[in-house]
Structure formats: C-alpha cells, structure tokens
Amino acid sequence: MFEYAPSPESVRPQIKEHYGLFIGGEFVDAEDGAVFKSVNPSTEEALFTVAEAGEADVRLAVAAARRAQETVWGPMSGTERGKYLFRIARLLQERAREFAVAESLDNGKPIKETRDFDVPTAAQHFFYHAGWADKLAYAGLGADPRPLGVIGQVIPWNFPLLMLSWKIAPALACGNTVVLKPAETTPLTALMFAELCQEADLPPGVVNILPGAGATGAALVGSPVDKVAFTGSTAVGRAIAKSIAGSKKKLTLELGGKAANIVFDDAPIDQAVEGIVNGIFFNQGHVCCAGSRLLVQESVADDVLERLKARIATLRVGDPLDKNTDIGAINSAEQLSRIQALTETGTGEGAEAWQPACDLPERGFWFRPTVFTGVQQSMRIAKEEIFGPVLSVLTFRTPDEAIAKANNTPYGLSAGVWTEKGSKILWAAERLRAGVVWANTFNQFDAASPFGGLKESGYGREGGRQGLEAYLDV
C-alpha cells in the first residue's frame, strides 16, 4: 500500500470558549447556571463549555417558540417562509468548510465525510424543503394542511448537523417552530447553526437550541409541545412513546437497526466489496442503518471475504482532520466501551475476529475495523446494534434462506441487495421487512426520498413528500 503523507485540513472554525442556550433568538445562560464540556474524541481535549438546559429553560424555550408560531411564523405566507429556508441553505453552503471542520472536531468523523456528505446533504434538505413551503396544498395531504404548532426535537450524536436539518427543515417549511436538543457530546454545529439563524434574520423564537443530556430531553418531551420527533436508540424511543401515550402529542421515531447486506452469487463482487465497506465503516459504523450483518451466498463466500479483507487492510485510521483518513475516532469513551464489550462477547461465543494491522493514535477513542466470521444468529453480535466498525458475516445457501435470516431481527430500518438480476432485486425487496432497501449500493440518501423504519426501528418518515405529513395537521 502507498504511504500517504499527512494532508491536514487548513480551515479552522472560530470556536468560542463558551456557548449559551439559544432561546428566543438570543444566547443565554441556563437558569441554574449549569454547564458542561464538549470533548474532541480524537484528542480527549475539551473544545469549549456550554450551558446545560434544565426544566426552567425548556419552559422558556417552548414559550418563545409558541409566541413565534402564533404571531409570526404560522401566519406568514409559505412564500416568505421559503425565502428564509433558502437563505439558511445558502449560508450553510457559504460556511460549508467551517461547519465540516467543526463537525469533525466535535464528533470524530473524517473530514472527507463531513465535507463531502454531511454538510452538503444538510444544505440540500433546506433547499428541498424551501421549495415545498408554498406548495403544501399540492402535496396530496389535503387541500388545507395546517402546521401543528411547536415541535420538540431530540437528535443523536452520529450525524449532528445532518439530523438537525432532517428535523428543522420540514418543520419550518410546514409553519411550525422548533425546540431542538442536540446530543450532549456533539452540540457544536447546532450552536453554530443558531448563529447562522441570527445571520439569516430568522424571527426570534422560530428555532431554539437547548444543549443537555437525557434529563433535558425528558423535560422537552414532557413539555407542552404539539409533536415530538426523536432519533436515537430503541430503548429511549420506547420510553418516549410510553411517556406521551394518551396525550394529544404526535410522535415520530427513527430508532436503531441491524441491517442485512445480502450478496448473492451473481453479484458484481468488487462493487459489492466497496458497498460492504461503505455500509459498515462509513462514520466509524455510527450509523443506524449500517450494514452490520453481511449475508453471503456460500458459493462465493470465500472469494468475497478474501477481497473484503484485502480492501479493509487499505483503510487508514487516524486524525479526522487528515483528508486521507477513512476511519476517524469513536465519538466517546462510553461508546468505545460498549463496542469493546460487545466484540469481546462475540469472541467468547465462538466467532472469529479479524482486524487489519494498523497503528492507532496514543490519545483519543479508537477502534480498528473488525470482521467476525463463524457467526451464528443467536450470538449477540448478530442480534444487537453495536454502533461501531464491526461486521458480522453469515452465509446462506438459497435466496429464501437469505430473506429468512435477514428478517430474523426485531429491527427493520434498512437492507442491501447485491445481484446482477433486476428480477431478484425486486423479489428480495418485496420480502425484506425494512423501510429502505438499497440495490447494488448502500447508504445513499436524498432529501426527496423518504427514510424510516419498521418494527423496533420506529415509525414515521423523514424526507420527501411523505416526511411533510408528520409536521402537518391534515
């Protein structure tokens, strides 16, 4: 393999030493003065301090959002709302490099992913939904769709800016105002987005950002919002659903996954290998729809594994701000411990682990890409969401067996199918119990395409015309 000289990103965002909560268009400290630190996972160094929202702050933010929705944003024409969304999208594009570097610093993911995927796709969602703002009556959701009111939104740490755009863009386009809680380990780009809202002259209270941990999210879910939109773990999603049962609040959940990536014997092997690598090692495997279960037809399993290991051996693990890096840092010490614990159970249950030889930085949270063979469906690594760069490989003999194994999970978020036969793709897609099925590709997203799961992967859709319905009273 070629030796790559370091190619560090030259842009450095202007990160403040301290950030407040964003309520009513202004940055303010928490009512009780609580603060916490945000840590760079690749160095373990504190990046900044940020105010931590409590129940009193949640009440203030929801009240500000309610005033803005009833007096300004709700009565505003769709054409005018669309102008604000277009302005936000353009500002995101103008500051794309700055946001990309900030995301890599705070999250640990490689700069080439934030630069080429996270930030451009976030801007795409604002552009797309800006176009819908004055066309809601023609979305096929009723002649007079109305906004719900105030939306409480809770997002995870794996795609901080992108998840923010998935939540905020459709909500605003439909005439709602929002109170959003970013993950406690990755609040930076949400706070930078709040500054961008000020720059766009967005009316005060339309967007409110409340950094904090689980208690902040619980307070927001329990507040008098009209809808809760949550992306995160199945366990927390289940708790949220129970807590608001019987209320009038609407709810959408995008939860965990244990996606099957199925490779049939007639698949284009080299193309499939690239898709397998992208499916599980993109964003260090911190992807709810990651292809973490590889199902390979027995007749080509040895060939696929040989080529897959050769490809994985070329992946570069290291500094997220190096443009040559393929796999960055694990987001937190807590997540690293979970990955380590689950991989140890895989070995303990009889699976065989393989990792490429690579040097890891001395500081930070790191984990080598890992492939498990000899995996049985009863093993924890085949059943539980690891949320890391860990691939479990199983084999099958017939297409029916592949579908049975793929569906043998409580999750149903995504799946992949690799074959040269279009008829086999359609046959498999009809039988796979997953919200999204990719054919001869993986991890492809577009703002115009709805995304969401089945079973314990949640309900509701985000993106596309279908995603608008969750933010409208129809």
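Tutor: A crossover is right-handed if, with the strands pointing away from the viewer, the path from the first strand over the helix to the second runs clockwise. Helices (H or I, at least four residues) and strands (E, at least two) are DSSP runs, numbered from the N terminus. The model is predicted: local features need pLDDT of at least 70, side-chain atom pairs count only at pLDDT 80 or more, and totals for chains, interfaces and linings use all residues. Residues are numbered from 1 along each chain as its sequence is written, and side-chain values use heavy atoms, leaving out hydrogens and water.

Student: Which elements make a right-handed β-α-β unit?

Tutor: Strand β12 (residues 260-263), helix α9 (residues 269-281) and strand β13 (residues 293-297) form that unit.

Student: How many bridges join β12 to β18?

Tutor: Two strands pair if DSSP finds at least two bridges between them. β12 and β18 (residues 414-418) run parallel and are joined by four bridges, with valine 263 opposite tryptophan 418. β12 also pairs with β13 in the parallel sense over four bridges, and there alanine 260 stands opposite arginine 293.

Student: Which way do the residues of β12 point, and are they buried or exposed?

Tutor: Buried means under 20% relative accessible area, exposed over 50%, partly exposed in between (1.4 Å probe, protein chains only). Ala260 and Ile262 point one way, Asn261 and Val263 the other, and all are buried.

Student: What does valine 207 touch?

Tutor: Contact means heavy atoms within 4.5 Å. Leaving aside neighbours within four places in sequence, valine 207 contacts Phe22, Ile168, Leu172, Val178, Phe193, Cys197 and Leu202.
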